Amino acid sequence: MYRPILVALAVVLCSAALVNEGKVLVFPLDGSHWINMKVIIEELHSRGLEVTVLRPSDAWYIKPDSPHYKSITLNVAGGFEKDNFGKFATKTLELRRQGVSFWTRMALEIEQVKEFAEVHRVLLLMMQEMFADEKLMQNLHDAKYDLVLTDLVIVGGVLLAHDLGLPLVLNVRWTVQGEGHQAIAPTPLSYVPIPWSELTDKMTFTGRVQNMLIYFFTCFQYWYITDPNYKPFVHRHFGPDLGVWAKVAMSWTWRQ
């Protein structure tokens, strides 16, 4: 009667041993997103996994030394300028206190789009330097990581995982293409508001028109940011076949 119990105990112990030997490569996003990622990393460390974090040289909050992870500091900038984002956040709060019009908010969003386009351009310069560093890439291959934990607001982790042939684990539902839920579930714009629209599911006709305008703006935003930046990079490193780009892009959604 004790044999099934002993077998079950052996399975649990073997599983625990496998977990303790796990190796996770983390490609995080700095700023507020790091707060969430840091909690996950600390939990992974507490469960015995070995965690390695890739960080740019100009990281704000991602420290090079930590008891919970090892870090690899890249000798390139990550693209996020703290002062610019601070100014944008301050301006946004001031406008919200003043109760500005929808069109004023849209003008501010256009400024943000330009800022994020530059962020992604610099990020891809960082990825270009990484992929060109044969020693670094060989070390990442030789480390035999089990998976890549990343943030989909930036696509560097997706590209790296694709190059290393590793599965992805995503820490947030937001993607560089916007709200991940909208990519995999029916989202009729007359009833489902775009997240930053501040509308509810009970919209007036004016609200629905506003929601539609915001939707078209976000589509333009993603087209303006992603296609000009990422398609040439993907073609250069993974080949001219658009199927590769589609595979990488689809992984942003389907691996959540």
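Rings of Phe, Tyr and Trp (for Trp, the six-membered ring) count as a pair if their centres lie within 6.5 Å; planes under 30 degrees apart are called stacked, those over 60 edge-to-face, and the rest tilted. The model is predicted, so that local features need pLDDT of at least 70 and side-chain atom pairs count only at pLDDT 80 or more, whereas totals for chains, interfaces and linings use all residues. Residues are numbered from 1 along each chain as its sequence is written, and side-chain values use heavy atoms, with hydrogens and water left out.

**Aromatic pairs**

By this rule the count comes to 5 aromatic pairs.

Helices (H or I, at least four residues) and strands (E, at least two) are DSSP runs, numbered from the N terminus. Both Trp-34 and Tyr-69 are buried, a term for under 20% relative accessible area, with exposed meaning over 50% and partly exposed in between (1.4 Å probe, protein chains only).

Because Phe-131 lies in helix α4 (residues 102–132) and Phe-233 in helix α8, their pair ties together parts that are 102 residues apart in sequence. Phe-131 is buried at a relative accessible area of 13%, and Phe-233 also counts as buried, at 2%. Ring pairs join Phe-131, Phe-233 and Phe-238 into a cluster.

**Parallel strands**

Strands pair if DSSP finds at least two bridges between them. Strand β1 (residues 23–27) runs parallel to strand β4 (residues 147–150), and 4 bridges join them; Leu-25 has Val-148 in β4 as its bridge partner. Strand β4 is also joined by 3 bridges to strand β5 (residues 168–170), again in parallel, where Leu-149 stands opposite Val-169 of β5. Together with helix α6 (residues 156–164), β4 and β5 make a right-handed β-α-β unit, meaning that, with the strands pointing away from the viewer, the path from the first strand over the helix to the second runs clockwise.

**Position of Val-209**

Val-209 is located in helix α8. With a relative accessible area of 36%, Val-209 is partly exposed.
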